[in-house]
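I am opening a notebook on a structure that is new to me. I want to look up a handful of places in turn and write down what I find at each.

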Amino acid sequence: NGICERFHKTMLDEFYSIAFRKKIYLTLDEWLIRYNTQRTHQGKRCQGKTPMETFKENLPLAKEKMLDMKEKDRLALAA
C-alpha cells in the first residue's frame, strides 16, 4: 500500500495541485510519460534511475521467472 499511496501523493502534488507547480501538464498521460521516462526515482529498486530504465534492466530476469513459472505449471498439469 505504501508504494501506491506515495504514487497518489506524487500525482496529486505534481499534476492535480496547481499551486507551486514548476510545470503545467495538459493531460495525465503527458505527466505519466515524464514520470516513467524522465523523472528519476529514489525508491528501493530504482535508486536514482527512471522506472523505465529499471524495467528494461530487469526485463531478462522477469522473462526468466515467467519461463520458470510456465515450466512449473506444465509439470503440475502432467502430474
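My entries below follow the order in which I looked things up.

**Entry on the model.** Before anything else I noted that this is a predicted model, and I kept that in mind for each entry that follows.

**Entry on helix 1 and helix 2.** I began with the pair formed by helix 1, residues 2-16, and helix 2, residues 28-37. I looked up how their axes run, and found that they come within 11 Å of each other and cross at roughly 120°. That angle makes helix 1 oblique to helix 2, because an angle has to lie between 65 and 115 degrees to count as roughly perpendicular and over 145 to count as roughly antiparallel. As for handedness, I wrote down that helix 1 passes helix 2 in a right-handed crossing.

I then asked myself which residues of helix 1 meet helix 2. On the side of helix 1 I listed F7, T10, M11, E14, F15 and Y16, and on the side of helix 2 I listed L28, W31, L32, R34 and Y35. Sorted by class, this contact is made up of eight nonpolar residues, one polar residue and two charged residues.

**Entry on the core.** Next I looked for the largest nonpolar core, and it turned out to hold five residues, namely M11, F15, Y25, W31 and Y35. Helix 1 and helix 2 are the elements that give two or more residues to this core.

Leaving out residues up to four places away in sequence, I saw T10 touching F15, W31, Y35 and R39. T10 and Y35 stand 25 residues apart along the chain, and their C-alpha atoms are separated by 9.5 Å. With sequence neighbours left out in that way, Y35 touches F7, T10, H41 and P51.

**Entry on F20.** I moved on to F20, which is found in the loop between helix 1 and helix 2. With a relative accessible area of 85%, F20 is exposed. I also looked up its separation from R45, which is 25 residues away along the chain, and noted 29 Å between the two C-alpha atoms.

**Entry on Q47.** My next stop was the loop between helix 2 and helix 3, where Q47 is found. Q47 is exposed, so I recorded its relative accessible area of 62%. Its phi is near 45°, a positive value in a residue other than glycine.

**Entry on T54.** Last, I turned to helix 3, residues 51-78, in which T54 is found. T54 counts as buried, because its relative accessibility is 8%. Setting aside neighbours within four places in sequence, I found T54 in contact with R45, C46 and K49.

Key: Residues are numbered from 1 along each chain as its sequence is written. This is a predicted model: local features need pLDDT of at least 70, side-chain atom pairs count only at pLDDT 80 or more; totals for chains, interfaces and linings use all residues. Side-chain values use heavy atoms; hydrogens and water are left out. Helices (H or I, at least four residues) and strands (E, at least two) are DSSP runs, numbered from the N terminus. Buried means under 20% relative accessible area, exposed over 50%, partly exposed in between (1.4 Å probe, protein chains only). Axes are lines fitted to C-alpha atoms, for helices over the stretch in contact, and angles run from 0 to 180 degrees between N-to-C directions. Angles under 35 degrees count as roughly parallel, over 145 as roughly antiparallel, 65 to 115 as roughly perpendicular and the rest as oblique. A crossing is left-handed if the near helix is turned anticlockwise from the far one by less than a right angle, and right-handed if clockwise. Contact means heavy atoms within 4.5 Å. Ala, Val, Leu, Ile, Met, Phe, Trp, Tyr, Cys and Pro count as nonpolar, Asp, Glu, Lys and Arg as charged, and the others, Gly among them, as polar. A nonpolar core is a set of buried Ala, Val, Leu, Ile, Met, Phe, Trp, Tyr and Cys residues joined through side-chain atoms within 4.5 Å.
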